[in-house]
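Hi everyone, thanks for coming. I'd like to walk you through a structure that may be new to you, so please have a look at it first.

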Amino acid sequence: MRFRIDLKIFLFIILFYFTKQIEIYAMVMFFAILHEFGHLIAGLFLGMKPEKMEIMPYGVAISFKLTPKDYNCKIKCGNQLELKKILVALAGPITNVAIILIILQMNMNVFEGLMAIYANLLLVLFNFIPIYPLDGGRMIKGVLHMLLGKVKAEKYTNRLSFITLMLITFIASIVIYQVENIAIFLIVLVLWGIFIKEDRIYEKRNKIYELIEKSET
């Protein structure tokens with residue numbers, strides 16, 4: 001399995017340190033790692049093989065390797081592979097919800113308990129945002145793939161990601177003006193970085209689809 005560290009994480013650490021929010025950032029990163037272990041365990045349970053692990057400013061990302069056998073199974077069994085992807089995506093937020101339930105049963109310091117619950121709720125809400133490749137976007141793409149096919153699923157997921165991001169940016173701009181919290185700005189910045197990267201990949205794939213469509217007509 002390949003391993004990579006996004007060096008922008010050090011910039012985030014410096015920014016949160018000087019804005020005195022390093023403790024909540026460290027806690028979010030800790031629970032983000034547990035969140036990703038939820039994906040990993042679900043993937044291994046479903047027979048998927050981890051291919052790459054990345055440490056990024058907003059957590060850890062693990063991608064799984066798809067073998068010819070997986071694609072052949074997809075052709076034979078229809079939506080089996082997409083269903084696996086949806087379950088793996090859902091496993092992360094479920095892990096954070098489970099952690100919250102455990103914390104509620106523990107005799108923790110009130111402040112520390114609330115901070116831990118807040119960090120996990122933040123991760124659940126962040127990952128359920130319907131922007132690909134966040135968990136919410138991955139689940140929506142998987143469902144659309146099963147209903148409409150690969151090409152339309154990618155097209156509609158890309159459009160939904162852009163619309164959602166524009167709405168979040170508008171709301172965040174108002175909130176940032178009111179509360180002056182740099183964390184909100186950084187979250188929006190990360191979301192735009194994620195979208196731009198995936199949008200470039202989508203545009204390249206879309207050109208291939210168009211060429212294939214023209215060659216068939």
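I'll begin with the whole chain and then turn to one residue.

Before anything else, please keep in mind that this is a predicted model.

So, what are the elements of the chain? There are eight helices and three strands. If you follow the chain from the N terminus, the order reads β-α-α-β-β-α-α-α-α-α-α.

Now to the contacts. Taking those in the chain with a separation of 6 or more, 66% are between residues 24 or more positions apart.

What about inside and outside? Of the 217 residues, 38% are buried. The chain exposes about 13600 Å², and 69% of that comes from carbon and sulfur atoms. As for charges, the chain has 24 positive and 17 negative ones, and their mean positions lie 7 Å apart.

Finally, let me show you Lys20. Where is Lys20? Look in the loop between α1 (8-18) and α2 (22-45). Is Lys20 buried or exposed? Its relative accessibility is 77%, and exposed means over 50%, so Lys20 counts as exposed. Now find Phe111: Lys20 and Phe111 are 91 residues apart in sequence, and their C-alpha atoms are 16 Å apart in space.

Definitions and conventions
Residues are numbered from 1 along each chain as its sequence is written. This is a predicted model: local features need pLDDT of at least 70, side-chain atom pairs count only at pLDDT 80 or more; totals for chains, interfaces and linings use all residues. Side-chain values use heavy atoms; hydrogens and water are left out. Helices (H or I, at least four residues) and strands (E, at least two) are DSSP runs, numbered from the N terminus. Buried means under 20% relative accessible area, exposed over 50%, partly exposed in between (1.4 Å probe, protein chains only). Contact means heavy atoms within 4.5 Å. Accessible areas come from the Shrake-Rupley method with a 1.4 Å probe; for residues, only the protein chains shown count as cover. Lys and Arg count as positive and Asp and Glu as negative; His and the chain ends are not counted. The place of a charge is taken as NZ of Lys, CZ of Arg, CG of Asp or CD of Glu.
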